[in-house]
Amino acid sequence: MKEQEYNELNGGDGNEALHVDGMFKNWFLEYASYVILERAVPAIEDGLKPVQRRILHALNEMDDGRFNKVANVIGQTMQYHPHGDASIGDALVNIGQKELMFDIQGNWGDVRTGDSAAAPRYIEVRLSKFAKDITFNADITEWQLSYDGRKKEPVTLPMKFPLLLSHGADGIAVGLSTKLLPHNFIELCEASIKYLEGKNFRLMPDFPTGGFADVSEYNKGERGGKVKVRAKIEVVDKKTLAIREIPFGTTTGGLIESILKAQDKGKIKIKKVTDNTAKNVEVLIELVPGADPDVTIDALYAFTDCQYSISVNACVIVDEKPLFLTVNEILERSTEKTKELLKRELEIKQADLNEAWHFSSLEKIFIEKRIYRNIEEAETWEEVISTIDKGLKPYKKMFRREITEEDITKLTEIKIKRISKYDSFKADEQIKGIEADLKQVAHDLEHINNFTIAYFQMLLKKYGKGRERKTEIKGFEEIEVKQVAATNSKLYVNREEGFFGTGLKKDEFVCECSDLDDIIVFTRAGKLMISRLGDKKFVGKDIIHIAVWKKNDERTAYNMCYYDGASKRAFVKRFNVTGITRDKEYDLTQGTSGSKVLYFTANPNAESEIVRVQLHPNSTARIKEFEFDFATIDIKGRGSNGNILTKFPVRKVDLIEKGKSSIGGMKIWFDQKFGRLVNEEKDKSYYLGEFNTGDQVLVVYKDGNVELTNFELTNKYDMDDIYTVEKFYPEKAYSAVYYDGDNKNYYVKRFRIELKSEKFKSPIITEHKDSKLSVFSSRKEVWVKYNVVKGKNKEKVEEEANLSALIDVKGWKALGNRLTQNDVTGKITEVIKAEEMPDEVEMGTTIELSVSPSASKKGNQGGLF
């Protein structure tokens, strides 16, 4: 279109300048507003986008109780929705897969596998009873003309349920988006009831795919919040893992693809992935020989779609404007809207009942007082109306409203057959019934809050069965990526030339590592460099030490003796390397020409060393050989010069013996929340003790098995199966009370655990299927409390027993002695005597947390139940 023609069409004279920026601004704003209001963002009133609302309205128009072909529903909806059949079909399938508003037949696809629905001509749908109960009421619906003016459609539907929070919503508009997660049907109803009762409530998402969810950062669904979701992975055996539930928003196919990609990149080591999903999800992962199932599970969470975060953004349309709310605010507004709609329905019902009472009373008087006979002589219609009105005049005061001509007209329409068969008693009963209904409606209106509560209770009772929570809410521990990354690379070094990397396969092999690892390198010249693993990297000639480096590692200490080229003296130093800049060279000597390293070791637990120092034979020193203990100097930073070892020339430094750790053992806590070992105190954790090389963790299971493990922080323990976790002391005597399924009696035993190998379960009770562990303790004096049945009257008597008095320490496979000769009833519990509790609980003591909250000043020293 020419500029002049455009201006003339828009009211100009054809000679005005056309401002494109103004046109763009106005048109863009109109387009953006249209997309926000009419396509992408749901309305707060009914929780629906326009296409969803039009689908429900079209289905309601078509409803005759039978199923309709989806293709027909799409066609019906196109009378109201101007954007084509594809968008309608997608939205319809999306609602149908949630199985709340629709009854469906045919192949509607599967959100778990990503399979799409069959063609619209092959699948059928109708409104569910729930949808009919909560959605439609023409009397309280506001209407508007459809896009072409031929039909009427609802502005919003009278939704009497927080459907938006139940279904969730996802939409991208111009300049903003919305992301609302689905919530549990039962919990929504219960939250609405709590809100109406003035109580606090909490809403958490619930996903149809199940899995785990960490809602610690959900922030009530407010903009900026997020939810971490995880697959539910089980250990089938040491060689196989099974994914039983997948994270929301993923499919089994996408999940398997992400696992295979992680395998191709070397992040995880697996043998095979098999998808056996049918009625239930089952993805089997076969591990390579030697792979740790727990570490592999962590790696799956770290490197695949088995775990990811969903950002939430609760944006809805309120008064024709987008507004960001929390899910609590959405539920409160929805509940208030439901109360308002119920009130309007009651008011309409009250008006209908009043009309019914009015006409029933009119009819009763008209027939019983035989007023109809008076119109036999009337010759005109006006005279008929006047005669009836005159006949009703004595009774008008008893009516609740004025008798109109329309009322009289309705009386004239009563057939003679009805008059002849009129039953006065039935009429009175009918009027009494109407009056009772009016009284109930008036009561409900007066107590509309309680009526709304009863409404949600009705929804719970009628539709809540089978809609229990599917997603388990739990906190997720942070996974250290480098700790769980598969050792997918091999590190090689050429010490003489100063190269390291994965491509030097003809040179010296150092260790297996991950491509995420950093490598620390020390050279004879006293230089240090840390660099990311690569194919081939140069760091400096004459490499004396190379290893995988752990950031913030304060336990590894380096013992070094070096010659200073300027002062001609030998120095000793001990240092950590906790943080550096990659690929930067650091000098560990004083930086003078001719300096070199004479002795160097890396000690993972900060062990000290005793070394033999041999001086040069030509030196003037009287003593040519002496010993030096590195324990006599402190561990400092890598930049320290160190202490003077000798001012004479050193010929050689040799190791005599390794010393003890200078910083003590590693302090370990057990985190009950996540079932992990941690090296710092956390909420719901208890202290196990200090662990040195060779120390082990004792795991006691509820089924009576025990197991020894190392104290690696990657270890994971199933909290559902564990009785207690504590530090293992080989010489300590442990006590146990158990029920023997063979003899049907309770037995006591005291023993030392004689397990040799780690990660091997062995029973400490009999292996009968009915045998069970009741008490396990590592205390010196163990008291238990229990009830026994005595006498002919079967009287219950409480008894206490000191286990150390009942039996001596015997072999750990011994049956033990009977606890009592009487029948034990109820639970056996350990009793902690106050006089036996020292100020500091003895290391390695089991404390029964469910019985006694006592703890040491440094934390609980053992067990959980």
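**Figure 1. Tyr-739 has Tyr-746 in strand S41 as its bridge partner.** This is a predicted model, in which local features need pLDDT of at least 70 and side-chain atom pairs count only at pLDDT 80 or more, while totals for chains, interfaces and linings use all residues. Residues are numbered from 1 along each chain as its sequence is written, and side-chain values use heavy atoms, with hydrogens and water left out. Helices (H or I, at least four residues) and strands (E, at least two) are DSSP runs, numbered from the N terminus. Strand S40 covers residues 734-740. Strand S41 covers residues 745-751. The two strands run antiparallel and are joined by 7 bridges. Two strands count as paired if DSSP finds at least two bridges between them. S40 and S41 form a hairpin, with 4 residues between them. Lys-744 sits in the turn and has a positive phi of about 60°.

Figure 2. Buried means under 20% relative accessible area, exposed over 50%, and partly exposed in between (1.4 Å probe, protein chains only). Both faces of S40 are covered. On one side, Tyr-734, Ala-736, Tyr-738 and Asp-740 are buried.

**Figure 3. Three strands form an open sheet in the order S45-S44-S48.** The pairing is antiparallel. Strands S45 (795-802) and S48 (823-831) are the edge strands, each pairing on one side only. From one strand to the next, the twist averages 20°. Strand S44 (residues 783-790) meets S48 over 6 bridges, in the antiparallel sense. Val-784 stands opposite Glu-830 in S48.

**Figure 4. Helices H11 and H15 cross at roughly 160°.** H11 holds residues 327-368, and H15 holds residues 424-446. Their axes come within 9 Å. Axes are lines fitted to C-alpha atoms, for helices over the stretch in contact, and angles run from 0 to 180 degrees between N-to-C directions. The crossing angle makes H11 roughly antiparallel to H15. Angles under 35 degrees count as roughly parallel, over 145 as roughly antiparallel, 65 to 115 as roughly perpendicular and the rest as oblique. The crossing of H11 and H15 is left-handed. Left-handed means that the near helix is turned anticlockwise from the far one by less than a right angle; clockwise is right-handed. The residues of this contact divide into 10 nonpolar, 6 polar and 9 charged. Ala, Val, Leu, Ile, Met, Phe, Trp, Tyr, Cys and Pro count as nonpolar, Asp, Glu, Lys and Arg as charged, and the others, Gly among them, as polar.

**Figure 5. Helix H11 also packs with helix H13.** H13 covers residues 405-412. The axes of H11 and H13 lie 11 Å apart, at an angle of about 55°. The two helices are therefore oblique to each other. H11 passes H13 in a right-handed crossing.

**Figure 6. Phe-130 and Phe-161 form an edge-to-face pair.** The structure holds 25 aromatic pairs. In this pair the ring centres are 5.2 Å apart, with 85° between the planes. Rings of Phe, Tyr and Trp (its six-membered ring) pair if their centres lie within 6.5 Å; planes under 30 degrees apart count as stacked, over 60 as edge-to-face and the rest as tilted. The pair links distant parts of the chain, 31 residues apart. Phe-130 belongs to helix H6 (residues 129-135). Phe-161 lies in the loop between strand S5 (152-156) and helix H7 (163-167). Phe-130 is buried, at 3% relative accessibility. Phe-161 is buried as well, at 1%. Phe-130, Phe-161, Phe-185 and Tyr-463 form one aromatic cluster.

**Figure 7. Asp-542 and Ala-606 have a positive phi.** Most residues other than glycine have a negative phi. Phi of Asp-542 is near 60°. Asp-542 lies in the loop between strands S23 (537-538) and S24 (543-549). Is Asp-542 buried or partly exposed? At 39% relative accessibility, Asp-542 counts as partly exposed. Phi of Ala-606 is about 55°. Ala-606 lies in the loop between strands S28 (596-603) and S29 (607-615). Ala-606 is buried, with a relative accessible area of 0%.
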